[in-house]
Amino acid sequence: MTLAQLRQRGLDAAGPDVSGSVSSVTGLTAWVDGLDAAIGDLVEIDLDAGPLAAEVVGADHGRLACMPLGSTLGVGPGVRVRSTGRGLEVPVGPQLLGRVLDGLGRPLDDGPSLDALPRVPVENQATPALKRQRVTRQMQLGVRALDTLTPIGRGQRVGIMAGAGVGKSRLLADLVTGTTADVAVVALIGERGREVGEFLERTLTKAARRKTVAVVATSDQSPLLRMRGAFAATAVAEHFSDRGADVLLVMDSLTRFAMAQREIGLSVGEPPATRGYTPSVFATLPRLLERAGRFARGSITGLYTVLVEGDDLSDPVGDAARSILDGHIVLSRALASRGHFPAIDVLARSEE
């Protein structure tokens, strides 16, 4: 046992007992008895391989539903669970520029440690409506079809609606490379692991990488980690915006964020609604999207890809996103099939 582990054991023994134990495991959820914690709090499940972080996502008659931020392998009845007394936090600061983080704010690259940086909660209240500023200036994105025919203002929130295989990821890379924003925050949520390295290493230029913060949660990771990755990226964007920067927040994709929230909701017993999406999905979307905008000092311009099923723009996530976002851009499969990239159908864009 290391010195740090001995020290932590001593602190645990000296402090009040705030631990419980796992009573059962159902699907992705560990039910915990005897633990005093609130929704959104982080807890630690004591496993032989080390503590496993989990988040409280539900409560029922004195039991807490805790969803691990990793694999549930090794979690079983009787395993001790400790409360941390706080929610998920991520590091912030200019040192993040050029770095790649996971959904918990931990570095995925070979750069220096981020432990010394200040941390902020990933959950935050959106700026009140009357304290928001009007969108009056254009955000140059470096894509002529957007800058000339469908301009986007600093602080707007726009959806990029498209089916699979019509060039969403390539368009996002062009936007991050060509934008005049001070900082770009890229959230790759639910993407294939192969595409992440290709996007960051081959698609983005070195100049774009130097002003970009990437938050990555791949499709094989916990649904809670995928969901929290989107909130973590938004928290990082808020940090730079609060210091007067114009931030471009790019998220790929909002649909996989909604799918992750659906998995969480179904695991804790929520009833499925439209196409299996639970009510919490449609309650969580505005909590995420309303945090972008133009504020007293800086701005967050949000571009969110929406993977529409069967090119149907009225699928549940696409419909909900269009009702919240300021407008949307449609990528046309007909244009993509003719080799026209980016396949932006400028006449299909509408303002809500």
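Author: The second largest pocket holds about 370 Å³ of space. A pocket is, on a 1 Å grid over the protein atoms alone, an open set of points where a 1.4 Å probe fits, with protein on both sides within 12 Å along at least five of seven lines; lining residues have an atom within 4 Å of a point. Grid points are joined across faces, edges and corners, and the volume is the space filled by probe spheres set on them. This is a predicted model, in which local features need pLDDT of at least 70 and side-chain atom pairs count only at pLDDT 80 or more, while totals for chains, interfaces and linings use all residues. Residues are numbered from 1 along each chain as its sequence is written, and side-chain values use heavy atoms, without hydrogens and water.

Reader: Which residues lie nearest the centre of the second largest pocket?
Author: Of its 16 lining residues, these are Leu42, Ala53, Leu69, Leu104 and Arg106.

Reader: And which strand gives the largest share of that lining?
Author: That is β3, with 3 residues; strands are DSSP runs (E, at least two residues), numbered from the N terminus.

Reader: Turning to Gly58, where is it found?
Author: Gly58 is in strand β4, residues 50-60.

Reader: Why does Gly58 count as buried?
Author: Because its relative accessibility is 12%; buried means under 20% relative accessible area (1.4 Å probe, protein chains only).

Reader: What is Gly58 in contact with, beyond neighbours within four places in sequence?
Author: Its contacts (heavy atoms within 4.5 Å) are Ile39, Arg63, Leu64 and Ala65.

Note on methods:
Helices (H or I, at least four residues) and strands (E, at least two) are DSSP runs, numbered from the N terminus. Buried means under 20% relative accessible area, exposed over 50%, partly exposed in between (1.4 Å probe, protein chains only).
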